[in-house]
Amino acid sequence: MALGFLATSALAGDWPTFRGPNASGVAEGPAPTAGELLYLVSNNGVVSAYQIAMGERVYQQRLSPNQGTALSASPVYADGKLYFPSEDGDVFVVKAGDKYELLSTNPVGEVLMATPAISDGTIFIRGEHSVFAIREKAK
């Protein structure tokens, strides 16, 4: 297996800047990408989507408009959806795309602080006391 590295010289002004939800220029955790968009989430539940090529914000939206939401886990992307587990025990599912669309809020009944894992159509979520394996019913 060969690894290739590309070395280049560039000025900071040559790169788009993703300022992030707290305008620090640094994401608070790993940032999933889907298509041409990069998704950032703050630890208080504000999701921002940015164009990867230009760094322009496409939208910014609170996951739960009726309450504060604490997030420690990193979001994950699969099958056109972004999954945001919260410390409140909810998993927010957002459709990937240039318009914010909350598809569902799924309570699991336990504090969630670990990043989910996805494998072969199953999402694995570790709660405070349990591990959940969730998938669609076979058709």
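Reply: What follows goes through the cores, an aromatic pair, a sheet and a few single residues of this predicted model.

Me: Start inside. How many residues has the largest nonpolar core?

Reply: That core has 13 residues. Those with the most contacts inside it are Tyr-39, Val-41, Val-47, Tyr-59, Leu-63, Phe-84 and Val-94.

Me: Which elements give two or more residues to this core?

Reply: They are β2 (37–41), β3 (46–51), β6 (81–85) and β7 (90–95). β2 gives the most, with 3 residues.

Me: What is Phe-84 in contact with, leaving aside its neighbours within four places in sequence?

Reply: Val-41, Val-47, Leu-63 and Leu-71 are among its contacts.

Me: Switching to rings. How many aromatic pairs does a search of the whole structure find?

Reply: The search finds 1. Tyr-59 and Tyr-100 form that pair, and the geometry is edge-to-face. The centres are 5.7 Å apart, with 70° between the planes.

Me: Where do Tyr-59 and Tyr-100 lie?

Reply: Tyr-59 is in strand β4 (residues 57–62). Tyr-100 is in the loop between β7 and β8 (102–107). The pair therefore ties together parts that are 41 residues apart in sequence.

Me: Is Tyr-59 buried or exposed? And what does Tyr-100 count as?

Reply: Tyr-59 is buried, at 9% relative accessible area. Tyr-100 has 23% relative accessibility, so it counts as partly exposed.

Me: Now the open sheet. What is the strand order?

Reply: The open sheet has 4 strands in the order β5-β6-β7-β8, with antiparallel pairing. Its edge strands are β5 (76–78) and β8, each pairing on one side only. From one strand to the next, the twist averages 20°.

Me: How many bridges join β5 to β6?

Reply: There are 3 bridges between these antiparallel strands. In one of them, Tyr-77 has Leu-82 in β6 as its bridge partner.

Me: What about Asn-106? Which strand is it in?

Reply: Asn-106 lies in β8. Its relative accessible area is 33%, so Asn-106 is partly exposed.

Me: What does Asn-106 touch, not counting residues up to four places away in sequence?

Reply: Asn-106 touches Gly-89, Asp-90, Val-91 and Val-93. Asn-106 and Asp-90 are 16 residues apart in sequence, but 5.3 Å apart in space, C-alpha to C-alpha. The side chains of Asn-106 and Ser-104 are also joined, by a polar contact of 3.0 Å.

Me: Last topic, backbone angles. What is phi for Asp-79? And for Asp-120?

Reply: Asp-79 has a positive phi of about 55°, although it is not a glycine. Phi of Asp-120 is near 50°, again a positive value in a residue other than glycine.

Me: Why point those out?

Reply: Because most residues other than glycine have a negative phi.

Me: Where are Asp-79 and Asp-120 found?

Reply: Asp-79 lies in the loop between β5 and β6. Asp-120 is in the loop between β9 (117–119) and β10 (122–126).

Definitions and conventions:
Residues are numbered from 1 along each chain as its sequence is written. This is a predicted model: local features need pLDDT of at least 70, side-chain atom pairs count only at pLDDT 80 or more; totals for chains, interfaces and linings use all residues. Side-chain values use heavy atoms; hydrogens and water are left out. A nonpolar core is a set of buried Ala, Val, Leu, Ile, Met, Phe, Trp, Tyr and Cys residues joined through side-chain atoms within 4.5 Å. Buried means under 20% relative accessible area, exposed over 50%, partly exposed in between (1.4 Å probe, protein chains only). Contact means heavy atoms within 4.5 Å. Rings of Phe, Tyr and Trp (its six-membered ring) pair if their centres lie within 6.5 Å; planes under 30 degrees apart count as stacked, over 60 as edge-to-face and the rest as tilted. Two strands pair if DSSP finds at least two bridges between them. Axes are lines fitted to C-alpha atoms, for helices over the stretch in contact, and angles run from 0 to 180 degrees between N-to-C directions. A polar contact is a pair of N or O atoms within 3.5 Å; within protein, one must be able to donate a hydrogen and the other to accept it, and residues adjacent in sequence count only if both atoms are side-chain atoms.
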